[in-house]
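Please read them with the sequence and the structure open beside you.

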Amino acid sequence: MKRNILKITFIAAVVIAAGYIAYSHFQKTETLSDLALQNVEALADDENDGGVAVSGCLGVWGKCTLPDGTKSLAPAVHVSF
């Protein structure tokens, strides 16, 4: 009986320690430098007026209504220039 309580206590301590380590690992926040943020903005910015628009419906099944109003079965990708 005493040995079972000791085993349960040990297992509980390991589970609590693992949970705390996982929790503290996922609480860390990463910050980007100003240069990295400028690069992200430059990549996201549409440099030309005409651009290419890509939209999609990536469901496994079902019907999709694309931006131009056409209906298609999923998965579907719509590209407009």
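Among contacts in the protein chain between residues at least 6 apart in sequence, what percentage join residues at least 24 apart?

1. The share is 26%, taken over contacts in the protein chain between residues at least 6 apart in sequence. This figure belongs to a predicted model, and the points on confidence below should be read together with it.

2. The secondary structure of the protein chain consists of 2 helices and 4 strands, and along the sequence these elements follow the pattern α-α-β-β-β-β.

3. Among the elements of the chain, H1 has the highest mean pLDDT, at 89, while strand S4, residues 76-80, has the lowest, at 63. Where pLDDT is low, the predicted coordinates should not be read in detail.

4. Buried residues account for 7% of the 81 residues in the protein chain. The accessible surface of the chain comes to about 7,600 Å², and carbon and sulfur atoms contribute 64% of that area.

5. On the surface, Phe10, Ile11, Val14 and Val15 form a nonpolar patch, which together has about 410 Å² of accessible area. One of these residues, Ile11, lies in helix H1, residues 2-26, the element with the highest mean pLDDT in the chain. Ile11 counts as exposed because its relative accessible area is 52%, where the cut-off for exposed is over 50%.

6. Lys71 belongs to strand S3, which spans residues 71-73. Its relative accessible area is 64%, and Lys71 is therefore classed as exposed. Leaving aside residues up to four places away in sequence, Lys71 touches Cys64 and Thr65.

How values were computed: Residues numbered from 1 in each chain as written. Predicted model: local features only at pLDDT ≥ 70, side-chain atom pairs only at ≥ 80, totals over all residues. Heavy atoms only, no water. Buried < 20%, exposed > 50% of the residue type's maximum accessible area, 1.4 Å probe, protein only. Contact = heavy atoms within 4.5 Å. Areas by Shrake-Rupley, 256 points an atom, 1.4 Å probe, with all protein chains shown as cover. Patch = residues over 30% accessible without salt bridge, like charges linked within 9 Å, V, L, I, M, F, W, Y side chains within 5 Å. Salt bridge = Lys/Arg side-chain N within 4 Å of Asp/Glu carboxyl O. pLDDT = per-residue confidence, 0-100.
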